[in-house]
Amino acid sequence: VNENTKEFNEAYRPQFHFSPPSQWMNDPNGMVYLDGEYHLFYQYYPDSTIWGPMHWGHAISEDMVHWEHMPVALFPDEFGYIFSGSAVVDHNNTSGLGTSENPAMVAIYTYHDPEGEKAKRDDYQTQGIAYSTDRGRTWTKHENNPILKNPGIKDFRDPKVSWVESNDGTGQWIMALAVLDRISFYSSPNLIDWAHESDFNPSWGAYGGVWECPDLFPLTTADGEVKWVLFVSINPGGPNGGSATQYFIGDFDGSNFNVESNEVKWLDYGADNYAGVTWSNIPKADGRKLMIGWMSNWLYANVVPTENWRSAMTVPRSLELIKKGNDFLVASKPIKELEKLRSSTETVKGENIALREELVELELIPKANDFSIEFSNAANEKVLISKKGDVLTFDRSQSGKMDFSGDFGKIHQAPIANEKIQSIRIFLDRSSLEIFVNGGELVLTEILFPNSPYNKVTLIGFENESKLHYLKSIW
Ligand code: FRU
């Protein structure tokens with residue numbers, strides 16, 4: 001069977017989310033856009049459904065919804081496994097690895113040397129680069145690898161690189177790197193030679209073990225105000241246990257990140273959105289800041305009840321900077337390309353709705369301060385989302401299969417305004433639920449393993465104009 005055209009239809013196989021054809025996947029890596037193609041690389045172990053020696057898997061899409069699976073892009077080599085990182089298109093050929101007519105796509109990733117780890121050396125993670133001059137189809141590792149050596153710190157990984165322009169019109173490459181409990185910034189003129197600029201680790205940041213997978217980028221509010229956002233994934237220590245992504249808002253002067261608001265902010269209050277970072281080289285005319293996250297949690301990722309593959313990505317999201325009083329927040333909206341999946345739309349009438357199909361999008365308008373949404377199935381399994389005052393609760397304690405991990409069947413909570421909410425948008429796939437409150441100002445991404453599809457939804461506290469869309473599978 002050709003894995004590129006196969007229709008994946010196993011139990012729990014996502015029908016409109018990216019998942020690997022088979023075997024183990026974790027973090028999204030190297031997301032980059034070039035010539036009409038969105039690239040997605042990912043942490044991949046092609047020999048097992050549990051984590052092991054990491055490779056970069058690869059897929060290409062024209063809309064970030066329908067993906068073509070590509071051959072493995074990067075294999076482990078003498079310097080180690082290929083851990084997470086990023087990719088950029090070197091349009092100015094600063095690296096000399098392409099030409100200005102045919103710029104190189106350059107991947108910047110972490111080498112994890114298992115021998116060094118075994119020998120208890122502290123410098124077993126380094127950074128390497130690889131490049132492609134055929135639009136990401138084939139890759140060559142750079143002869144100077146590792147291009148960034150380790151100064152003797154155990155955790156030294158997940159480089160996210162972007163081109164940062166200075167006020168004088170010149171620019172340089174900036175790398176955000178997770179270094180144990182801080183984010184280090186490095187600069188380079190050419191992607192090959194890197195100089196340390198600064199470190200960021202405020203004492204009040206959420207820290208439960210390691211900081212991982214940073215991303216640094218500017219966002220502009222609807223009123224034209226620019227702030228720099230720093231994503232930092234942490235594991236454990238998430239607001240509802242295990243892995244989660246926090247973010248900081250501030251300014252970046254080309255060398256230092258200066259944080260403005262001293263408050264931990266979470267990109268997603270659900271248990272299953274980790275290691276998410278943004279796409280590089282999205283054309284200015286598009287203007288969006290696009291991200292995707294790994295839809296799992298290190299608490300149970302290796303034991304979820306799927307058979308021949310493990311894990312999926314979240315739906316791609318577009319990030320927006322929203323000003324609230326004197327503070328800012330980053331909202332995540334499902335990308336508009338997902339609307340193409342809608343096959344039919346109904347206006348919601350009454351509280352009990354029988355679901356005729358399993359792939360569902362709901363656009364709900366709350367009628368009062370409090371509400372509840374319950375998905376259930378013939379096996380009496382259910383998942384409950386409810387708002388009471390200033391707490392949003394997500395209860396998957398009776399949602400289906402849960403015995404694979406004591407950490408899974410928990411009740412999750414998120415802070416919410418004690419007032420009437422404007423809108424709730426929900427995406428239900430075969431084994432996930434994504435909830436976007438008020439245009440993505442509050443998000444919960446959660447995976448689920450019901451023994452039969454949820455075929456009923458009970459809506460309490462919503463207007464009759466609320467909408468139900470059935471969605472097409474991407475296969
Ligand atoms: C995050 C992470 C990264 C690392 C990768 C290894 O989930 O731990 O820090 O590069 O996974 O697969």
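The points below cover the model, its domains, the ligand shell and some backbone features.

1. This is a predicted model, in which local features need pLDDT of at least 70 and side-chain atom pairs count only at pLDDT 80 or more, while totals for chains, interfaces and linings use all residues. Residues are numbered from 1 along each chain as its sequence is written. The protein chain has a mean pLDDT (the predictor's confidence in each residue, from 0 to 100) of 97, and 99% of its residues reach 70 or more. The model's scores are ipTM 0.99 and pTM 0.98.

2. The protein chain holds one helix and 34 strands; these are DSSP runs numbered from the N terminus (helices H or I, at least four residues; strands E, at least two).

3. The domain assignment gives domain 1 (23-334) and domain 2 (336-471), with bounds from an automatic or database assignment. Their centres, taken over C-alpha atoms, are 30 Å apart. Each domain brings 28 residues to the contact, where two residues count as in contact if their C-beta atoms, placed from the backbone, lie within 7 Å. On the domain 1 side, strand S22 (residues 327-334) gives the most, with five residues.

4. Around the ligand stand twelve named residues: Asn26, Asp27, Gln43, Met54, Phe83, Ser84, Thr110, Arg157, Asp158, Glu212, Cys213 and Ala275.

5. Two cis peptide bonds deserve attention. One runs from Asn145 to Pro146, with omega near -10 degrees, and Pro146 lies in the loop between strand S8 (140-141) and S9. Another joins Asn235 and Pro236, with omega about -10 degrees.

6. Tyr12, not a glycine, has a positive phi of about 70 degrees and sits in the segment before S1. Tyr12 is buried, with 21 other C-beta atoms within 10 Å; buried requires 20 or more such atoms, exposed 12 or fewer, and partly exposed falls in between, with C-beta atoms placed from the backbone. Asn380 also has a positive phi, near 65 degrees, but is exposed, with 8 other C-beta atoms within 10 Å.

Technical notes
A residue is near a molecule or strand if its C-beta atom, placed from the backbone, lies within 6 Å of it.
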